[in-house]
Amino acid sequence: LKQTNGLYIRDPESIEVVKKNFSLDGKFVPDVAFTISKFLKGKKKNKYSVKVGITDFAVYRKYNKDNKTELDYLQEWENLITKYISPDYDLTLFYTTKEDYIQSLKFKQHLENKYKKDFIIEENSTLDELVDVISEANVLISGRMHALIIGYCYECDIVPYNISQKIRSFSNFYLDEKKDIYLLQQEIGSKVREMIGNTE
């Protein structure tokens, strides 16, 4: 870090961490993932669609040192989505990593055992396919930062599972303050041009 000409950091809390631990000043720039809607159109919005992206339990254990079991974890996610498990909504599961896919299979089984109905996991193997899955949603529930960002870009109603301080910071800074996506994209463009200038 001492060898850099400039630090561009995606959240204010991390800027403070770098200042405290390394005595370096960082400049804020929103995550470049916020520009994705400029490049990928996505799918037409379905006002009944609810997409649920459960995060790998091992990730939960990494950030949380409590006594929660995997069954407790599945139950907590179920409680988060209970009101959407009805004929009024088209609820499906999705994933962003291989590990999340395996957790989705467990969650699917958990839900099917309880509700005696099928739950679909939407397959995706490319970024374009993931954007198609997420952009269609009216409601997006996830514990993954980039899934939440993509949902934000495509104007989903975001319900974060606050698995870590990183997700809580995202919720506080973007969701609570209702940041304008167009202004975020403008700011990213401005900072990228500034970075390029700094390397010359």
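Q: Where does the largest share of the lining of the largest cavity come from?
A: The largest share of that lining, five residues, comes from H8. Helix H7 (145–153) and helix H8 (165–175) each supply at least two residues of the lining, where a helix is a DSSP run (H or I) of at least four residues and a strand one (E) of at least two, numbered from the N terminus. The model is predicted, with local features needing pLDDT of at least 70 and side-chain atom pairs pLDDT 80 or more, while totals for chains, interfaces and linings use all residues. Residues are numbered from 1 along each chain as its sequence is written, and side-chain values use heavy atoms, without hydrogens and water.

Q: What lines the largest cavity, and of which class are the residues?
A: The lining consists of Arg10, Asp11, Asp31, Phe34, Met145, Ile149, Lys166, Ser169, Phe170, Phe173 and Tyr174, and by class it has six nonpolar, one polar and four charged residues. The volume of this cavity is about 100 Å³. The name cavity is for a set of points on a 1 Å grid where a 1.4 Å probe fits but cannot get out, with lining residues having an atom within 4 Å of a point.

Q: What lies nearest the centre of the largest pocket?
A: Gly143, Arg144, Met145, His146 and Lys166 lie nearest its centre, out of 18 lining residues, and the pocket has a volume of about 230 Å³. A pocket differs in definition from a cavity in being an open set, with protein on both sides within 12 Å along at least five of seven lines. The largest share of the pocket lining, four residues, comes from H7.

Q: Why is the pair of phenylalanine 28 and phenylalanine 173 called edge-to-face?
A: Rings pair if their centres lie within 6.5 Å, and planes under 30 degrees apart count as stacked, over 60 as edge-to-face and the rest as tilted. Phenylalanine 28 and phenylalanine 173 have centres 5.3 Å apart and 65° between the planes, and the pair is therefore edge-to-face. Phenylalanine 28 lies in strand S2 (residues 26–28) and phenylalanine 173 in helix H8, so the pair ties together parts that are 145 residues apart in sequence. Both residues also belong to one aromatic cluster, formed by Phe28, Phe34, Tyr152, Phe170, Phe173 and Tyr174.

Q: What makes phenylalanine 28 count as buried?
A: Phenylalanine 28 has 17% relative accessibility and so counts as buried, since buried means under 20%, exposed over 50% and partly exposed in between, with a 1.4 Å probe and protein chains only.

Q: How do you know that the span of helix H5 agrees with its number of residues?
A: The expected span is 1.5 Å times one less than the number of residues, so the 18 residues of helix H5 (residues 98–115) should span 26 Å, and the end C-alpha atoms, 25 Å apart, agree with this. Just after H5, lysine 116 takes a positive phi of about 55°.

Q: Why does glutamine 103 count as buried, and what is it in contact with?
A: Glutamine 103, placed in helix H5, has 2% relative accessibility and therefore counts as buried. Leaving aside neighbours within four places in sequence, glutamine 103 is in contact (heavy atoms within 4.5 Å) with Ile54, Thr55, Asp56, Phe57, Glu70, Tyr73 and Leu74. Among the buried residues of H5 are also Asp100, Phe107 and Leu111, and what covers the buried residues of H5 includes strand S3 (49–53), helix H3 (57–63), helix H4 (70–81) and strand S4 (90–93).

Note on methods
Points joined across faces, edges and corners; volume = space filled by probe spheres on them. Nonpolar A, V, L, I, M, F, W, Y, C, P; charged D, E, K, R; others polar. Phe/Tyr/Trp six-rings, centres within 6.5 Å; stacked < 30°, edge-to-face > 60°.
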